[in-house]
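Here is a short briefing to read beside the model. Keep the sequence and the 3D view open as you go.

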Amino acid sequence: MNLKQLTLGLAAAAAMTGSAYAYELTVPTLDYRTGPYAPNGIPFANGFSDYFTLLNERDGGINGVKIKLVPCETSYNTKKGVECYEKTKNAGNGALFYSPLSTGMTYQLIPKVTADGIPLYTMGYGRTSAANGKVFKWVFNVPMTYWDGATVAVQYAADKSGGMDKLKGKKIALVYHNSAYGKEPIRTLEVMSKKYGFELKLLPVDHPGQEQKATWLQIRRDRPDWVFMWGWGVMNQVAIKEAASIRFPMDHFIGVWWSGSENDVLPAGAKADGYKALAFHAPGADFPLHKDIIKYVYDGGKAVDPSYKDRVGEVLYNRGLVNALWAAEAIRTGMNIHKTKEPTAAQVRDGFEALDVSEARLKELGLPGFTFGVKVTCANHKGPGKVAVQSWDAKAKKWSIVTDFYQPMDDITGPLVEEDSAKFAKENNITPRECK
Amino acid sequence: MFYREAGQFKTSYRADQALFPIAQDRYFVIAVVLAAFVVVPFVITDYWANALLLPFLIYALAAIGLNILTGYCGQLSLGTGGFLAVGAYASYKLMTAFPELNIIIVFLLSGLITAMVGVLFGIPSLRIKGFYLAVATLASQFFIVWLFNKVPWFFNYSATGQITVPPREVLGFLVTGPNASPAATYLFTLGFVAVFALMAKNLARGNVGRSWMAIRDMDIAAEIIGIRPLKTKLIAFAVSSFYIGVAGALLFAVWLGSAEPTEAFGIDQSFLILFMIIIGGLGSILGSFMGAAFMTLMPIFLKNFMVDGLGVQPALSEHVQIVLMGTLIIFFLIVEPHGLARLWQIAKEKLRIWPFPY
């Protein structure tokens, strides 16, 4: 790289930013396609980007306004995340919302987006108490939270044991990523263990999670009745392989929705058969929307990652897709409320708060029966909070949802959300707003 | 021609022992510092502060701290990440326990607490030397991070073990929290770094610094000429940890705003700062700044150049950036094993005899 190339490059960059553009909806994508979390980051990032690309290619954007994606690589590292946030927040016409796909980064961004006035959409991750819209005006975690997930995992275990009262004296181990993300469910599980009388064992796994021999040795010794897992990245594959090697019964091993995708179970081969994971949407590529994506995005040569075509429909791909879908609907709602073609981040926030994607609307969007309907209100930023359980079939190499959608136990999580959000409000001198 | 000291006569010991005895050096440094204090705050943006200048300054301070221990006193340490964490958690506990306490005092106290922890882990350095000491300090790194994960008192029993900084002011300007202006956070950090860099420079040329260097160069000889190894090494550990503790407090409170121990203060931080002083120059304050600049700014510069300038995809640019950084590190170490500071010195030597080299 010599000086001439450098000046040429910089000149090109200056020219690009200097010239005038028509208004575009600016959506920063904080992806991670590198590092130990890339196996999970790539499918999600592809699904997220492909949906917006599809809207551009098929419908000409949202309400006729084109979307501009601004990618930034974070490597799931909060320090790089800060750089990415600062870099992208004023890109184009100003970032409309952020979805960092990292609980650590979410904690870092919550104060920043609140100060800058940009909505933060953390779909099923991040700070659980952000469900309280009275305190967290700018943060949304539709359609459910980790604490909802924890209550559902316990409910499922109870169902299989024959009722909530049968949990007494049972042992449940939580294998978790030793970070803000993995620690999220602990408080709920502790409360539940007191209430239902099961014994809770906490087994942290340090970043990046390749070394878990000691953890699984402990599980082999203690023989818990159930193992729950809050894992991410390579940690998932390693845990499932280790569980298989100590012959832990896979149908008593339940991962959170971030520990249940194809690349987590495939490395363990046939032994992963019957592994369970929480889920809030269907896997697979049999929906009309996926056909459109193949047609417009991949065959149209517009995909960010063209080599990914055969894997469209994987669990995490669909998750990126539905993240983008709900966000796009929020942008649309915001544009409709304020009757504008050039929404600001604040108007998009209003759209998130009025988000209402029913099952009928999902069908219109090409995802019939994909997930449940969600509705956000001023006070409730987490939506319905429903969760189902999916199971891995190692022979067919397919995930399938095996239960109905469970209702979360709001009587347990409600007071915890109140307590945690009140703490945040106090620390940051926020007066909770009134919600009609 | 321009850069030579011919005609600059020193008439007192004071002038002879000045920090920058050559006038051109002095003017240059004064100009840079003035620009940093007076000009930059008016042009600084969020991106420049949070993505570039704050990490550069904070890592420079941490690198000075490690340089005191490793570069001047010769004690190899891999516990820097852990000491950063001690500084960060000390500042968090002090800020939340005594909300009225001035933030500058909070940071100085965090430094002192870290110094005490540093001395504690420095005690084995009397018996353990070289690589073995590195391994002993490595243990401190893992122990401290484990402790901050394990004991909920340190993170005020928050649900996730995250610590988040409360907003604090200096002279009516917010310096921590999301509403702080980039100029305020920058000036606040710069103030700390400037004062402590000056102190370090003076410490290193004084009695204490000379005894550190004596220990570094040959500890038995140093002992024979009357330098007490215990005292000297422990002072080095204390001063070094103090600097790193203040850097850790700044890193958490001013730059990141929230942190969790495993990620923000992991072993990679220890290595990063060690690489900074190796590339910048062991036993050089200027080298600490150069190393910090190289390791924090170069990756971002390469990334922005590739993504914005050449239109490379971000993921590919990340991989290329890692390769380029590795290559550059090897290149600089081959060209000058004594670091960037030595390169700078050579450049100055050449300038002095230009245009008549001999």
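Two strands pair if DSSP finds at least two bridges between them. Helices (H or I, at least four residues) and strands (E, at least two) are DSSP runs, numbered from the N terminus. This is a predicted model: local features need pLDDT of at least 70, side-chain atom pairs count only at pLDDT 80 or more, and totals for chains, interfaces and linings use all residues. Residues are numbered from 1 along each chain as its sequence is written, while chains are lettered from A and ligands numbered from 1 in the order in which they are written.

- V227(A) stands opposite F253(A) in strand 8 of chain A.
- Strand 7 and strand 8 (residues 253–255) of chain A run parallel and are joined by three bridges.
- Strand 7 of chain A also pairs with strand 5 (residues 171–177) of chain A, in the parallel sense, over five bridges.
- Within that pairing, F228(A) is the bridge partner of L174(A).
- Strand 7, helix 9 (residues 234–245) and strand 8 of chain A form a right-handed β-α-β unit. Right-handed means that, with the strands pointing away from the viewer, the path from the first strand over the helix to the second runs clockwise.

**How covered is strand 7?**
- A residue is buried if 20 or more other C-beta atoms, placed from the backbone, lie within 10 Å of its own, exposed if 12 or fewer, and partly exposed in between.
- Five of the five residues of strand 7 (residues 226–230) of chain A are buried.
- In a regular strand, side chains alternate between the two faces of the sheet.
- W226(A), F228(A) and W230(A) are on one side of strand 7 of chain A, V227(A) and M229(A) on the other, and both faces are covered.

**Two domains in chain A**
- Chain A is divided into domain 1 (24–145 + 283–384 + 416–427) and domain 2 (146–282 + 387–409). The bounds come from an automatic or database domain assignment.
- 27 residues of domain 1 are in contact (C-beta atoms, placed from the backbone, within 7 Å) with 28 residues of domain 2 of chain A.
- Helix 12 of chain A gives the most to the domain 1 side, with five residues.

**Where chain A meets chain B**
- 33 residues of chain A are in contact with 31 residues of chain B.
- Helix 4 of chain A gives the largest share of the chain A side, seven residues.
- P111(A) is found in helix 4 of chain A.
- P111(A) is buried, with 21 other C-beta atoms within 10 Å.
- Not counting residues up to four places away in sequence, P111(A) touches N428(A), G177(B), P178(B) and G257(B).

Definitions and conventions: Contact = placed C-beta atoms within 7 Å.
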